[in-house]
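Biologist: Could you take me through this model and tell me what stands behind the words you use for it?
Modeller: Gladly, let us look at it together.

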Amino acid sequence: MQVGARTTQPVGHYDLCRQLPKECSQKTERNSELELTRKLWAAIVAVNNEVNSQIQPRTDMENYGEEEHWAYPENGFGDCEDYALEKRRRLMALGLQPGDLLMTVVRQSNGDGHAVLTVRTSHGDFILDNLEPRVLAWTDTEYTYLKRQSERHSGVWMQINDGRADAVASLY
């Protein structure tokens, strides 16, 4: 996944950072890629499956009474970014670094915005998604990739140049 210039932070992520400053102050010095072993792959798949089955879908309006609200799904309900945040938190608890677990904003084929978690590994970037039970390489999804967190600083967002469309990343 090729990134371009720095871009705007999603509004929901900005609000999350104000509530939980630690979420946006994580810095990573990448000395090497995350080695994708069989054991790590099994852990990634397990976390994806666990979160997808444990969290019940509910829009931010239904859950929080507002249009866009990024939060950990403490009450067992959430929408796409809440699933992705929980997967990120669980993988970090297993020892993965913030710079390998990047919140990512995409556009679905129907034009709707959506959030997923990108896991950066020695075998490429993989997507953990609440709408897809399989963990897929980012190139094997139907999404147009707009922007993601920087691998070096969790409070910085970067444009994605996925080469598949000329989408504008400022929508979401």
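**Helix packing and burial**

Modeller: Helix H2 (residues 38–54) packs against helix H4 (residues 80–93) at an angle of about 140 degrees, and their axes are 10 Å apart. Axes here are lines fitted to C-alpha atoms, for helices over the stretch in contact, and angles run from 0 to 180 degrees between N-to-C directions. Helices are DSSP runs of H or I with at least four residues, strands are runs of E with at least two, and both are numbered from the N terminus. This is a predicted model, so local features need pLDDT of at least 70 and side-chain atom pairs pLDDT 80 or more, while totals for chains, interfaces and linings use all residues. Residues are numbered from 1 along each chain as its sequence is written, and side-chain values use heavy atoms, without hydrogens and water.

Biologist: Why are H2 and H4 called oblique to each other?
Modeller: Under 35 degrees counts as roughly parallel, over 145 as roughly antiparallel, 65 to 115 as roughly perpendicular and the rest as oblique. The angle is about 140 degrees, and H2 and H4 are therefore oblique.

Biologist: Which residues of H2 and H4 make the contact?
Modeller: With contact meaning heavy atoms within 4.5 Å, H2 brings residues including Val47, Val51 and Asn52, and H4 brings Tyr83 and Lys87 among them.

Biologist: How do you know that the buried residues of H1 line one face?
Modeller: In H1 (residues 11–19), Gly12, His13, Leu16 and Cys17 are buried, that is, under 20% relative accessible area, with exposed over 50% and partly exposed in between (1.4 Å probe, protein chains only). Seen down the axis of H1, they fall within an arc of 140 degrees, so they line one face; the arc is that of the directions from the helix axis to the C-beta atoms. Val11 and Arg18, on the other side of H1, are exposed.

Biologist: And what covers the buried residues of H1?
Modeller: The cover includes H4, strand S8 (144–149) and strand S9 (157–160).

Biologist: What makes alanine 71 count as buried?
Modeller: Its relative accessibility is 10%, so alanine 71 counts as buried. Among its contacts beyond four places in sequence are Leu16 and Tyr64.
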